[in-house]
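Work through the two exercises below with the structure in view. Each task is followed by a solution in steps.

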Amino acid sequence: MNYISIQDIDDINAWIEAAKAIKSNPLGDVELGKHKTLGLLFFNSSLRTRLSTQKAALNLGMNPIVMNVSGDAWGIEFGDGTVMNGNTAEHIKEAAAVVSQYCDIIAVRAFPTLTDKAKDESEQVLNAFAKYASVPIVNMESATGHPLQGLTDALTISEYTTKPRPKVVLSWAPHVKALPHAVGNSFVEAMQKMDVEFVIANPEGYNLNPEITKDTPIYHNQAEAFIGADFVYTKNWSSYEDYGQIKNTDPNWMITNEKLGHAKFMHCLPVRRNVVVEDAVLDSDASLVIQQANNRTYAAQLVLKKILEDLQ
Ligand SMILES: NCCC[C@H](NC(=O)CCC(=O)O)C(=O)O
Ligand SMILES: NC(=O)OP(=O)(O)O
């Protein structure tokens, strides 16, 4: 069993209940992962994923080992049949096979280029690990998805909702850098599986991949989308249509207390204060960002638990 995408979740409500059970008794399966090794490979920066996934492994009695691949390891070649006379020193075929001998599960973080759409959509790095490793693979945020975050967000909404069918808005917000679509994509896929009223708000030219958003309503008017919202999940992403470009930095899309009304504020973090969201929101009780980050441990622990049970 791999955990590559939100589509690997068969029954999201059952997974949420299982994650809540783990959260209420985090050391209940401390024997399950005994003498098992989790390898965490990072091609990009991380705070939450790096620590919460290790914490989840430790709660299951596993031994986590971590590597920053970019910089610390040899440059990895992903091309098939490449004459390796350039900057890459070893091929993914050897690298994945070797790491598989040290680890029972391999978790990988590999962001998109945001310049080569076809390469990013092929999920070159993650899929190469899935192909050439002989052990299960966990996605710790790839070019197009962040399913540990999406599962976390579904759990958090389930915990904090006061209604059977809350209204959830995914809102784009401005940013100074071109950012990936992965968090937005996985949040959309998670919300489509949940019993919520779900809409997206983003400027013109910023629609996410229509193969992911499907029939989810998209508003280009943020205020209209926010009417009656119970949860506002905020994330910047670069343009998908004009791939990887920054086409809009309109500060009027920043999240403020006034816009939020009675809604709870969510963000995957890290977040740029007073660019994406004003201080007053993050410093208020409306913000769930710290609780979300806490739930990363239990989402990861559920995924690792399922994989360990599948290995038995
Ligand atoms: N893992 C959570 C988000 C990671 C990444 N954010 C960032 O790169 C923010 C960087 C900055 O603010 O400089 C993203 O958007 O996918
Ligand atoms: N939310 C999240 O994935 O955070 P990191 O990038 O710090 O891991």
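**Exercise 1.** Sort the shell around ligand 2 by class and say where the shell comes from.

Solution. By class, four residues of the shell around ligand 2 are nonpolar, three are polar and three are charged (Ala, Val, Leu, Ile, Met, Phe, Trp, Tyr, Cys and Pro count as nonpolar, Asp, Glu, Lys and Arg as charged, and the others, Gly among them, as polar). The residues around ligand 2 include Ser46, Arg48, Glu141, Gln149 and Pro270; a residue is near a molecule if its C-beta atom, placed from the backbone, lies within 6 Å of it. Helix 2 (residues 48-59) gives the largest share of this shell, three residues; helices are DSSP runs (H or I, at least four residues), numbered from the N terminus.

The model is predicted: local features need pLDDT of at least 70, side-chain atom pairs count only at pLDDT 80 or more, and totals for chains, interfaces and linings use all residues. Residues are numbered from 1 along each chain as its sequence is written, while chains are lettered from A and ligands numbered from 1 in the order in which they are written.

**Exercise 2.** Describe how helix 7 and helix 8 cross.

Solution. The axes of helix 7 (residues 147-160) and helix 8 (residues 182-193) come within 8 Å and cross at roughly 45°; axes are lines fitted to C-alpha atoms over the stretch in contact, and angles run from 0 to 180 degrees between N-to-C directions. Helix 7 and helix 8 are therefore oblique to each other (under 35 degrees is roughly parallel, over 145 roughly antiparallel, 65 to 115 roughly perpendicular, the rest oblique). Among the residues making the contact are Leu151 of helix 7 and Phe187 of helix 8; contact needs C-beta atoms, placed from the backbone, within 7 Å.

How values were computed
Helices (H or I, at least four residues) and strands (E, at least two) are DSSP runs, numbered from the N terminus. Two residues are in contact if their C-beta atoms, placed from the backbone, lie within 7 Å.
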